[in-house]
Amino acid sequence: MTARTVAGDGLYSAVRSDPTRPREPGRTTPVSSTGLSGRMGYSTAAELLTDGGAAMADIFGADRLPEARTSVSRRRADGRATRAGNYAGWRGPGPGRGRGRGLNNVRESMRPVLVALFCNEMHKNLLANYEEDGVAARALVGLEVLRVNTGVSKKSLRTRGWTLGRSGAVGVLLKLGRSRVRSDVCKQQTVAISVTLQTKSGVKRPVSTCSGPEKCLDTGCSFASDMEVALEAVRSAAQMTLEEVFEVLESSVRGVARAPGTAIPYGPTLCTVSGGEGSWPFAVVRRTVAKRWVCIACPTADSECIHQSAAVAAAAGDGDGGFDDGDDGTPTMRFPDDDPVKEGGHPVAPDNPYMLFSRFYQVHQSRLLRDLVPPSAAQQTRINLVKAAATSETILEFPCSPLCPFCRVSPSPLKPPIPHECRIEFDDGSAMAKVYSWRCPNCLLRVMPDGREHGLVFSSPFTAYSEAFLFELAVNLSRNGCSLRSSSYLRSGYSELTASLKYAPRSSRLRSVATLRKALTLYLSLVIKGLPLDVSTCARCVSSSGVIDIVCFDGLQLGYKLKYKRRFQRHTIRTSAIPRASVHAHMVTDSAVAKALGSVFNTTSKAVAGSSKTVTTVTSMRGYVMAVSALLGSVSVNGREESFAGPEQHGTSASTAGRGWCPTVDGGVRPALTTFLRRFFRCELVARSLCTQVLAASFDLFRRVPEPLMTRIQDVVRARPAEVEPAPNTTVAEAEAAQRGGPSVGSASSRAALGGSGGGDLDSMVVDARAEHGNPGQLRHGLPPPLPAGSIDVGVRGAESDESEVEDSDEELTSADDRVSFDGDSLAAPRRKYWDTFAPLARFAELFTEPALADTGGVKGTMLEADMLFRLQPSIPTTAAATLKVVDFVRAVTVDPFVVWAPDGDWGAIDALVDVLSSDNFTSTKLAAVLDRSDVCELRLLRAAVACLGPGLERDAGLRPVLADLLTALKDTAAAYDSFVAVNQVSQPGGDDGMAPGDGDQPPIDDFTKAQMASAHPLECFTPAQYTATWMEPPASVASFKAAYGITDESPEDFLSSGVWAPNFPVLRPIPLFYGTAQAATDEPDCNHLMGKENKYTGGTFGAFCTCTHPKCIGVVVLDGSEGQRMPIEFITQRCATLPSQVVYDFSCATLKTALCRLPLVARAVSFLVDRFHWRKNHVSCTKAMNPDSYSSMESINTSSSEERNALSRRQEHHLRLMNQDNFIIFTTYQQALSNVIAMYKDVETELTPSKWPRWYRQKYVDGVGNTERGSAGM
């Protein structure tokens, strides 16, 4: 179409065509050549005040020049003069710093937005439908000038405003955002406004209608005035009539889209539905975050209106149009050297006509991996950017890559690389640069520089960031815990402070926070993928073969919102449970009996007052009654002992019908344990404490207890023991008496004063002990036999007290003075006595290397030992500190499973002690030699107890087989556990609740291969033995795992898809997905521990750390559910070729029970311990066998390493909770990697270290090695 045909057809006015004028660039502002200056073009205030104030009048207005430095004098209330006004700056407000060209509020910028949209639509239609000469050329120039002056960028319009040409009307679709003010004209978030040219009273005027609730044709549209102003501005700029403007706008209208019910999508979240003629021509339907389509015009329809149905069909591609029809918010990727494309066609590769996948619309971003610390080239680029921002004389140019990263071809000679402008931002501002690019002839990718060699990160073809700036920003976020928005504002404020003017220049615009967030996320992902393996391991704790001896786990309850949660790709295999397996690993299989005994096996000096809250169930009542029988023996009925035993041994059946009250048969207490308790300890007082709790229970529970047992319990409580002052250590008392010159303990008068003959004839032992320092272990023969249990009835002090029992720690064993205080005691040091130095047990303390035997505790220690409820027999020589250690051992044997006495399945320590105790030629010297073995010294509880019982074992030969039988019973418990596990494994849980396989259960199969188990149905369940035989026992490797699952990709694990970052510990086995019915109540942990749960946010993360002085993170797992005690087991079985010897976790007591029920091999091979911090805090039901201080190998181990690292990670709580899943994983992983690098630097840091950690890391891992030869993240 020519200008003549246009005039002939009446499309434009018949005027003479103006000559074609070239396009002019946008208006610029003069900049002073003296240096950095603002938009106004003046560097100092003196330049503003020159020329008679002409410059000031141009800026502030010609009517009234401001008095910049004139102060206004006012009077105070008391008559004193004062000054008012802005003293430091200008009186009137300045232009301020520009916040970019983004739309902060569409409601406030309504008219510029409408003008910009109509200008874009007319400009596009004129270029597509009309020849660029005459009137069309003049209109194009005017529209371009008007478009620039609107101040609305194309980027902001991509997702905030569209024209309704695709919907078959002239108008706009605007996303106004949520209404926050009552005075807003339209309360809807999105509105469609259409305009038509109608004749009223002989005058053609635009009539507007919108999708709002008002009746536009009657009362008028609320957007009518803004629409008229915008159309008039466009008409004046194009120098056309209003009819001609509408003619050009309607040239791209799709008439078929005006049919009622037609839905046209605008991007992935908006859709317009045509409603026919009238005041409401369109209805707008939007898509929520929950992926539900909601009609704005029908707020009460609850997603059931016809508009919503049409939108859903259009979004699925079944309607008229789809997401690809028009602008969907993606930036344009067309450049001047691109070949033209026909309407409705697709770009064609000239060298590859049979191209299957086109990269024409792929947005360019940096792909090559980056170093954690930017290289030296990045610092040089930063200097160049500062120079370019300071003066216009410095022009930065970045050449393109010579080859396509995918096709590896060079550019065509006919189309050499072309430049385009790109804004590069750094910490002090931004600068423009020329970036060269070319189009690949094979895949149509726009090839641009990656930026790694220059220290730049390209987030788009037109935006790049300095790598040094992104590094500083990432470190600030990870170490200081500040948000990205605050860091961005701080950067803007710093730029303003460093400007030469009062107000920063508007020309140096900074990108929005959203753009900066995308660039930072891209940079962090490239850094994480390019980390060297040294960053994810510990050179001190992890061997060269990848074996770590001690792993510390901890969960961090810091997650992201559930709406962002997606499923992770993790290989799992269902494994069944073995119900009640954990109780069979104990010396007492009934947990109620074990809990009752454990509650009184302590060194408290006061009986706990009875409480109705202690015994509340039949199970608890049965446990306390059987615990009393275990301590006192069977009850006598008509002269015959009656045990009230049931028909079946405890643990052989899940049924409780017909269960009796015998501790051995119905309570699962091993006879060796009851014999040991009655022979070594005086059990009357602790039994009386248990009886007190039984009588305090509900009266309804009494009728379930057999009458003879209840009668004995009542008699034990009624019979108050005599209040006497026994001498628990007769040797000490005799030495003290000999020093005073009084009667000895062994004399008749002494025994009468003590209320019995509990002391024994030990005077000869005292003499021999003093005379045989040079010949230890040879005591005089003929010692009297041990006294029967219960020969002395010791009174109870404070039996009516309400104080609860307190568990003693190892730190309180050194001195009895710190444990007990009495009213009226003097703080002065007691007089040193003869027997403190020359006590008979001092020889055994030196012989067995046990200080507790030499620490008598003085007078207070003697009184403490006399007041203990659970004490050794009077015939066993001991001290107060030694008794504490023996009690700790007995409680651990009763409460904990057998695996704590056989680390890694090694029974060497137990076997050695049993052999020496069973020897006919037993001597103290032989016992001391066994106690010096390394495996015995490792088990501090066992060694300390045997050493403290050494004097009694030397004195009474009858005690040795009792102790030997107790230690042998531990191995018998292990054998019983193995037998129970072998019989009660079923592949499909739930049949007989873990009993022998029934008719409906699958028979056990043990010959599965890895490929067969990997290809099994996801719902198929395997037994722990099958999983162990297939995956745990054979050698594990990455190659065998990938071969079993058919994985051919040799690249490292994608931490974004799996949610796990552990480069040095790749996947070796599938995760044993613990599946089955709910565990038996006996398998549940006794301690309560708060762990991360999913509510509004996800469960958080779970980290694995080493235990050196500066701990490193070896792996972090993003939880796909709530945290559980199974997670340490899952991590080590999936990623450790050799299982670690110790696992430290704050809930290890529950983890050990889970391993006993799920993977017995792990329970035997790994020692699960509680960290010291949580052990002293909330593990009141566990024994000291779970304390790391009970093992010599944990002497200098930092068990709180995970707590130290997670304390730093909690600083990111405020901004991590608002991220989506991918960004959460990236920021969490980067924070752990950065902390690892700092920990690595601290390992080698000394006072002579010349540099800080960034320079140290760059010299060791970047400048010398770097990622230059590595691949890219996107290939």
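Close-up 1. Asp888 is buried, with a relative accessible area of 8% (buried means under 20%, exposed over 50%, partly exposed in between; 1.4 Å probe, protein chains only). This is a predicted model: local features need pLDDT of at least 70, side-chain atom pairs count only at pLDDT 80 or more, and totals for chains, interfaces and linings use all residues. Residues are numbered from 1 along each chain as its sequence is written, and side-chain values use heavy atoms, with hydrogens and water left out. The side chain of Asp888 meets that of Lys1184 in a salt bridge of 3.0 Å, N to O (a side-chain nitrogen of Lys or Arg within 4 Å of a carboxyl oxygen of Asp or Glu). Lys1184 also counts as buried, at 3% relative accessibility.

**Close-up 2. The salt bridge between Lys971 and Asp911.** Their side chains meet at 2.8 Å, N to O. Lys971 lies in helix H32 and Asp911 in helix H27 (residues 908-918), so the pair ties together parts that are 60 residues apart in sequence (helices, H or I, of at least four residues and strands, E, of at least two are DSSP runs, numbered from the N terminus). Lys971 is partly exposed at 31%, as is Asp911 at 28%.

**Close-up 3. Strand E18 and its partners.** E18 (residues 572-575) pairs in the parallel sense with E25 (residues 1071-1074) over four bridges (strands pair if DSSP finds at least two bridges between them). Two bridges join E18 to E23 (residues 1021-1022), also parallel. Arg574 stands opposite Leu1073 in E25 and opposite Cys1021 in E23.
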